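Thanks for coming. Please take a look at the sequence and the model before I start talking.

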Amino acid sequence: MQALRWHGVKDLRLETIAEPQVTSGKVKIKVEWCGICGSDLHEYVAGPIFIPENTPHTLTGEQAPVVMGHEFSGQVVEVGEGVTKFKAGDRVVVEPVFACGKCAACRQGKYNLCDEMGFLGLAGGGGGFSEYVAADEHMVHKIPDSVSYEQGALVEPSAVALYAVRQSQLKAGDRAVVFGAGPIGLLVIEALKAAGASEIYAVELSAERKQKAEELGAIVIDPKAYDVVEELHRRTGSGVDVAFEVTGVPPVLTQAINSTKIGGQIMIVSIFETSAPIVPNDIVMKERNITGIIGYRDVFPAVISLMEKGFFPADKLVTQRIKLDEVIDRGFEALLKEKNQVKILVSAH
């Protein structure tokens, strides 16, 4: 089969490799759509980050070159011995988290914090930028007929957003701000709508992304036109209840902290490539709290249910659909050069 494999920085190769075999406990899936994630982009321009390059990953036993892609949907074509929850023809998505099941985090059920955690499509195990994937049964979730395969490819990134909102202290009727309206930021806006936020502000520089945020119902504030903190306090009277930092830009974290009310909360959703200086008194004097989150756990079923109700709409979030043989030029390079791109989906068939 055809598969896109990471060999090094700016070195992705579409190669012919063996189709995965169905062994005990595995579900073989014909991939329909796979989204290009920000993590994939980071690996392309600055990897390896999550990809094991010189030493095999402890859970997969694999190292580069590895097949990429972890945001995907597809149809079951075969199941291995012992598989009871799925059959050929089922429409599914994969929760691509490898966890050891033994460390302190895993024993608490917090498998996204596993000491050895890895992602299918980054740490090995196959990937969605291919024709077929064989995944462990427990990683697979059914999607109903009312959720399209395109929508299914958005379940994984939507899970990041929904988990961020669920881990926050936000209550129905609260006000929130999202710093950064990239793909995850836009999905956080959707998750906030689902959670009943009364006002959702989005702070974003890009004209195209500002427009997307507005289309999803956010009140956009341009940081070039306003002092963001001052403007948020002016509009809300006291500051927002919860701020979501989704840029990974150090000065923005300071803005996020100061945009919240007394006792407010700052959710750090992004990964920072450098340290970010903060003023502790900004937190102490207003009894604010800062919470970091990584990935997701136990939210795929909730995301799928919300999609059935119309949340996380593919028609507003998917900006391009391409074939696997176009994935570098019209996919990875397009995301680097074109700010109007939000989510690009790739089909191998």
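Predicted model: local features only at pLDDT ≥ 70, side-chain atom pairs only at ≥ 80, totals over all residues.

Residues are numbered from 1 along each chain as its sequence is written, and side-chain values use heavy atoms, with hydrogens and water left out.

Start with helix H7, residues 228-236. Helices here are DSSP runs of H or I with at least four residues, strands are E runs of at least two, and both are numbered from the N terminus. Which residues of H7 are buried? They are Val228, Val229, Glu231, Leu232 and Thr236. Buried means under 20% relative accessible area, exposed means over 50%, and partly exposed is in between, with a 1.4 Å probe and protein chains only. Looking down the axis of H7, the buried residues fall within an arc of 165°, so they line one face of the helix. That arc is taken from the directions from the helix axis to the C-beta atoms. Glu230 and Arg234, on the other side of H7, are exposed.

What do the buried residues of H7 pack against? Their partners are strands E11 (175-179), E12 (199-203), E13 (219-221) and E14 (240-245), together with helix H8 (250-258). Contact means heavy atoms within 4.5 Å.

Now the two ends. At the start of H7, a side-chain oxygen of aspartate 227 comes to within 3.2 Å of the backbone nitrogen of valine 229. After H7 comes glycine 237, with a positive phi near 90°.

On to salt bridges. One is counted when a side-chain nitrogen of Lys or Arg is within 4 Å of a carboxyl oxygen of Asp or Glu. How many are there by this rule? The count is 18.

Glutamate 199 is partly exposed at 24%, and arginine 175 is partly exposed at 25%.

Another salt bridge joins aspartate 136 and lysine 26, 3.1 Å from N to O. Aspartate 136 lies in strand E9 (residues 132-136) and lysine 26 in strand E3 (residues 26-35), so this pair ties together parts 110 residues apart in sequence.

Lastly, Lys10, Glu333 and Lys337 are linked in a network of salt bridges.

Key
Polar contact = N/O pair within 3.5 Å; in protein donor to acceptor, adjacent residues only side chain to side chain.
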